[in-house]
Amino acid sequence: MIYDEEFETLPREALEAIQLKRLQQVVEKVYATVPFYKKAFDEKGVKPGDIRALEDLQKLPFTMKQDLRDNYPFAMFATPMENVVRIHASSGTTGKPTVVGYTRRDIDTWSDLMARTLAAAGTHKGDIVHNAYGYGLFTGGLGFHYGAERLGASVIPVSGGNTKRQVMLMKDFGATVLSCTPSYALRLGEVAAEEGVDFKSLKFRIGVCGAEPWSENMRKEIENQLGIDAVDIYGLSEIIGPGVAVECVEAKQGLHIFEDHFIPEIIDPETGEVLPYGEPGELVFTTLTKEAFPLIRYRTRDLSVLYREPCRCGRTLVRMGRVTGRSDDMLIIRGVNVFPSQIESVLMTRKDVAPYYLLIVDRKGHMDTLEVNIEVNENVFSDAVKDLQNMEREIEKDIKDLLGVSCKVRLVEPKTIQRSEGKAKRVIDKRKL
Ligand code: DLL
C-alpha cells in the first residue's frame, strides 16, 4: 500500500519543483539561525540567494559528524529550545553522543514518514506491530511506535531484550509485523525454537529490519526461518531516525528514499566529488523540512548507490542500494555504534595495560560478538590469574558503561599483538555478511 499516494508517486518535474522550493527555504533558515552554517557558507563564499536550481546544492559545504560534536549538545539547532519537544541521541567517538532535536511539527513529519515506511513494508491498519527496537535515546523504538500509531496499527512497545518473554508475547498477542534489527530477528527465531515455539506457526507476515548492515543471504535466512517477508529499512538519527528510506515489499529491490523530505547525493568519499546515478560512493543527505535540526549535505559515511529506474510498486522516488559498508571505521555491534577509538579511550585510562589492542568482531549463531584483546604491562603479567581475571571484568564493565555494548576482554602477553609499520590494524571483522 502507498500511504501518501500524492507525494510518493509525483512525476519527477513536480517533485523537483517541491525540492527546490524547500531547499531554498531551509538554506535561508540555517543561514539566519545556525552560526555554524553562517560561517561555513561565508567561508565558501555562497549566499542563500545563490541557490536557484537543484544543482546549486553542490555549491554548499558538507556537514560532518565532527561539526555536530563541535556544536554539542544543541548549538546546531535552528530553533529555540522552547520549541523543541523531543531529544534523541546516538553514540559518538568521544563518549559524547550525537544529539538531535525535534519540534512538534518534526515529530508529525517523522510519524508520517514512518507510516509511509511501514505501509511500504506491507503493514496496514489492523496489523499488530511487535516493536523490538530499543526505546530510549535511540530513534528506533519511538520512531516505529509513532509511525505504527499514525498508520492505525496496534503497536506493542516491547523494546529490546528479555527474549524469552518476547517469544511468549509474540505468540499470545498474535502480532503480524515484527520490527527489530535483522540480527535480533534471527535471535528471536532461535529462542523461539529453544522454547518449543514454531515461529512459522505464529501470525507474523513481515519483518521491518534495519539499523545495521545485513546481506541478501541474511534476508533469505530470516525469511526461511521465520516464514516472513523481511524488508530493509534505513535511517540515521542525524537525518531523522528510521524513515529515511525503505524497500517496498512488492519488489524488495532497493530502498525508496523519501525525496520530498530528503535530497540524497552520492559522493566520492576521498574527493567529495558528486557521482552520477549508478556509481557507488558515500551517501550524503540534505533535510528539506526539518525545523529543529536541519542538516545541509550531511556526510553519512555509509556506502551505497542511487538509481532512478522506476519501480513496479508505482513509487517514483529514487532508490538506494543496500548499505554495503562505511567509509570510516565505525563498527555496528548488535545495533550499537562503536568506534575503535572509544574503546581505546577506555583502555588509555588504565596504567596496567599497554596501548596495544585488537578488536575481534565475529558472529556466533546470530549474535555479534566483540572480543577486546589487550596486552598487559610486563609487570602485571606475573600477577596471579585471579587478579588478571578481575582486571578483565573491570575493563568489560567500563566498556559496557561507556558504550552500552558487552564484550569479552582477553588480556594477552606483552608483545603479542602485531605492531604496525603504518596504520595500525585495530579491528578484525570476521562477520561474513
Ligand atoms: O539506526 C536509525 C534506524 C532505526 C534505522 C531503526 C533503521 C531502523 P543510528 O543509531 O543513528 O540510527 O545509526 C545510523 O546505522 O548511518 C548506518 O551506518 C546504519 N544503518 C541504519 N540502517 C541501516 C541499514 C538508526 N538498513 C547508522 N543497513 C547508519 C545498513 C544501516 N546500515
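Q: How do the residues lining the largest cavity divide into nonpolar, polar and charged?
A: This is a predicted model, to start with. The lining of the largest cavity has seven nonpolar residues, two polar and one charged.

Q: Which residues are they?
A: Leu68, Arg69, Asn71, Tyr72, Pro73, Met76, Pro97, Thr98, Val99 and Phe293 line the largest cavity. Two elements, α4 (65-70) and β2 (98-103), each give two or more residues to that lining.

Q: How much space lies in the largest cavity?
A: About 50 Å³. The count of cavities of 30 Å³ or more comes to one.

Q: OK, helices now. At what angle do the axes of α5 and α6 cross?
A: Roughly 75°, and the axes come within 7 Å. Helix α5 covers residues 104-120 and helix α6 covers residues 139-151. Angles of 65 to 115 degrees count as roughly perpendicular, so that is how α5 and α6 lie to each other.

Q: Which residues make that contact?
A: On α5, they include Ile107, Trp110, Met114 and Leu118. From α6, Phe144, Tyr146 and Leu151 are among them. By class, the α5 contact with α6 has ten nonpolar, four polar and three charged residues.

Q: Zooming out, how many helices and strands are in the chain?
A: Twelve helices and 21 strands. The radius of gyration is 23 Å, close to the 22 Å from the globule rule for 433 residues, so the chain is as compact as a globular protein of that length.

Q: And what box do the C-alpha atoms fill?
A: Roughly 70 × 60 × 45 Å, along the principal axes.

Definitions and conventions
Residues numbered from 1 in each chain as written. Predicted model: local features only at pLDDT ≥ 70, side-chain atom pairs only at ≥ 80, totals over all residues. Heavy atoms only, no water. 1 Å grid on protein atoms, 1.4 Å probe; cavity = no way out; pocket = protein on both sides within 12 Å on 5 of 7 lines; lining within 4 Å. Points joined across faces, edges and corners; volume = space filled by probe spheres on them. Helix = DSSP H or I, 4+ residues; strand = E, 2+ residues; numbered from the N terminus. Nonpolar A, V, L, I, M, F, W, Y, C, P; charged D, E, K, R; others polar. Axes fitted to C-alpha atoms, helices over the stretch in contact; angles between N-to-C directions. Parallel < 35°, antiparallel > 145°, perpendicular 65-115°, else oblique. Contact = heavy atoms within 4.5 Å. Rg over C-alpha atoms; globule rule 2.2 N^0.38 Å.
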